[in-house]
Amino acid sequence: MEKIVRQGMLFDLYGDLLTDHQRDIFGDLVNNDMSLSEIAEAYGISRQGVHDVIKRCDKQLEAYESKLHLLEKQLSKED
């Protein structure tokens, strides 16, 4: 599965567990297909700041999935 597709699916399942700031930035990445530079400009932060938030979100979303397995269960139903 492509990384951006997995990120989007995890975001749909667990996005409400992120902070508002994290949800806004990560949502712009996966749902609005914005680049790091575009997100940085929109929020008045550096590209590195955006990168750090996205990495943190990735880690949190994967941690939720490793504990709850909701995406795994959803994908196994579709097969």
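What follows is a chat about helix packing and aromatic pairs in a predicted model.

Student: How do α1 and α4 pack, and at what angle?

Tutor: In this predicted model, helix α1, which covers residues 3–14, packs with helix α4, residues 47–68, at an angle of about 70 degrees, and their axes are 10 Å apart. That angle makes α1 roughly perpendicular to α4, because the range from 65 to 115 degrees is counted that way.

Student: Left-handed or right-handed crossing?

Tutor: The crossing in which α1 passes α4 is left-handed.

Student: And which residues make the contact?

Tutor: From α1 the contact uses Lys3, Arg6, Gln7, Leu10, Phe11 and Tyr14, while α4 contributes Lys55, Asp58, Leu61, Glu62, Tyr64, Glu65 and Leu68. Sorted by class, the contact of α1 with α4 has 6 nonpolar, 6 charged and 1 polar residues.

Student: Switching to rings, how many aromatic pairs are there?

Tutor: The structure holds 2 aromatic pairs. In one of them, phenylalanine 11 and phenylalanine 26 lie 5.6 Å centre to centre with 45 degrees between the planes, an arrangement that counts as tilted. This pair links distant parts of the chain, since phenylalanine 11 sits in helix α1 and phenylalanine 26 in helix α2 (residues 20–30), 15 residues apart.

Student: Are those two phenylalanines buried or exposed?

Tutor: Phenylalanine 11 and phenylalanine 26 are both buried.

Student: OK, why is the pair of tyrosine 14 and tyrosine 64 called tilted?

Tutor: The ring centres of tyrosine 14 and tyrosine 64 are 5.9 Å apart and their planes stand at 40 degrees, so the pair is tilted; planes under 30 degrees apart would count as stacked, and those over 60 as edge-to-face. Because tyrosine 14 lies in helix α1 and tyrosine 64 in helix α4, this pair ties together parts that are 50 residues apart in sequence.

Student: What about the accessibility of each, starting with tyrosine 14?

Tutor: Tyrosine 14 has 1% relative accessibility and therefore counts as buried, whereas tyrosine 64, with a relative accessible area of 23%, is partly exposed, the threshold for buried being under 20%.

Student: Last topic, leucine 61: where is it found, and what does it touch?

Tutor: Leucine 61 is found in helix α4 and is buried, with a relative accessible area of 1%. Leaving aside residues up to four places away in sequence, leucine 61 touches Leu10, Phe11, Tyr14, Gly15, Leu18 and Phe26.

Student: And how are leucine 61 and leucine 13 separated?

Tutor: Along the chain leucine 61 and leucine 13 are 48 residues apart, and their C-alpha atoms are separated by 8.9 Å.

Notes. Residues are numbered from 1 along each chain as its sequence is written. This is a predicted model: local features need pLDDT of at least 70, side-chain atom pairs count only at pLDDT 80 or more; totals for chains, interfaces and linings use all residues. Side-chain values use heavy atoms; hydrogens and water are left out. Axes are lines fitted to C-alpha atoms, for helices over the stretch in contact, and angles run from 0 to 180 degrees between N-to-C directions. Helices (H or I, at least four residues) and strands (E, at least two) are DSSP runs, numbered from the N terminus. Angles under 35 degrees count as roughly parallel, over 145 as roughly antiparallel, 65 to 115 as roughly perpendicular and the rest as oblique. A crossing is left-handed if the near helix is turned anticlockwise from the far one by less than a right angle, and right-handed if clockwise. Contact means heavy atoms within 4.5 Å. Ala, Val, Leu, Ile, Met, Phe, Trp, Tyr, Cys and Pro count as nonpolar, Asp, Glu, Lys and Arg as charged, and the others, Gly among them, as polar. Rings of Phe, Tyr and Trp (its six-membered ring) pair if their centres lie within 6.5 Å; planes under 30 degrees apart count as stacked, over 60 as edge-to-face and the rest as tilted. Buried means under 20% relative accessible area, exposed over 50%, partly exposed in between (1.4 Å probe, protein chains only).
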